[in-house]
Amino acid sequence: MSATKGRAALLSSRARGAGGGIRRKKKAVKPAKYTTNLRAFIPKLPAGQSIQVLGVRRRLGFSQEELARITGYSVRAIAGWEAGKKLSWAARQKVVETERLRGALAEIVPASELGEWMRTPNPAFEGQTPIQVIECGEADRIWRMIIQIDSGVAN
């Protein structure tokens, strides 16, 4: 047996696998289908309306940097959305949630003072500003405060 034929036999036996048979591809296992559609949980706007990031930012009295801090997106992304770039569904959800929070706060804080209130350290939040509270992922603390004020528990 020549060296060339020996190598060819060795290569073909490796291709067949250790058992000498031909290897077959395993069927891919399909992941279970989830019945929950995440898009169903996105806050909805009335039909035909789109979220205007510039309007949300101006109603809050925020700079692009401040809106970027509370949404978790970059200043560049905020500027792009304001210029007309389409939002991803996750970004849209975050902006809609921000607008809902602004609307609730506007009921207890005058709209002209909302931006300044968001930048001012608040004893209810251990001296943090509301922007810092949201930035840390604790917007629920602000929602609890709104509910307490609405129910007359706090002022």
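Select E126 to begin: this residue lies in the loop between α6 and α7, where helices (H or I, at least four residues) and strands (E, at least two) are DSSP runs, numbered from the N terminus. The phi angle of E126 is near 55°, a positive value in a residue other than glycine. Is E126 buried or exposed? E126 is exposed, because its relative accessible area is 63%; exposed means over 50%, buried under 20%, and partly exposed in between, with a 1.4 Å probe and protein chains only.

The model is a predicted one, in which local features need pLDDT of at least 70 and side-chain atom pairs count only at pLDDT 80 or more, while totals for chains, interfaces and linings use all residues. Residues are numbered from 1 along each chain as its sequence is written, and side-chain values use heavy atoms, with hydrogens and water left out.

**The whole chain**

Now display the entire protein chain. It has eight helices and zero strands, and from the N terminus on the elements run α-α-α-α-α-α-α-α. Of the 155 residues in the chain, 28% are buried. Among contacts (heavy atoms within 4.5 Å) between residues at least 6 apart in sequence, 49% join residues at least 24 apart.

**R57 and helix α2**

Next, select R57, which is found in helix α2, residues 53-60. R57 is buried, since its relative accessible area is 14%. Show its side chain together with that of E82: a polar contact of 2.5 Å joins the two. A polar contact is a pair of N or O atoms within 3.5 Å; within protein, one must be able to donate a hydrogen and the other to accept it, and residues adjacent in sequence count only if both atoms are side-chain atoms. Beyond its neighbours within four places in sequence, R57 is in contact with F62, S63, Q64, L67 and E82.

How do α2 and α3 pack? Their axes are 10 Å apart and meet at an angle of about 100°, the axes being lines fitted to C-alpha atoms, for helices over the stretch in contact, with angles from 0 to 180 degrees between N-to-C directions. The angle therefore makes α2 roughly perpendicular to α3, a term for angles of 65 to 115 degrees. V53, R57 and L60 of α2 make the contact with Q64, L67 and I70 of α3.

**G115 in helix α6**

Move to G115, whose place is in helix α6. G115 is buried, with a relative accessible area of 6%. From R57, G115 is 58 residues away in sequence and 9.6 Å away in space, C-alpha to C-alpha. Apart from neighbours within four places in sequence, G115 is in contact with L60, G61 and F62.

**Helix α5 and E99**

Finally, select helix α5, residues 89-106. Its buried residues are A91, V95, V96, T98, E99, L101, R102, A104 and L105. They pack against several helices, among them α2, α3 (64-71) and α8 (139-151).

Within α5, centre the view on E99. This residue is buried, with a relative accessible area of 17%. The side chains of E99 and R59 are joined by a polar contact of 3.4 Å. Not counting residues up to four places away in sequence, E99 touches I51, V56 and R59.

Note on methods:
The expected span of a helix is 1.5 Å times one less than its number of residues. Angles under 35 degrees count as roughly parallel, over 145 as roughly antiparallel, 65 to 115 as roughly perpendicular and the rest as oblique.
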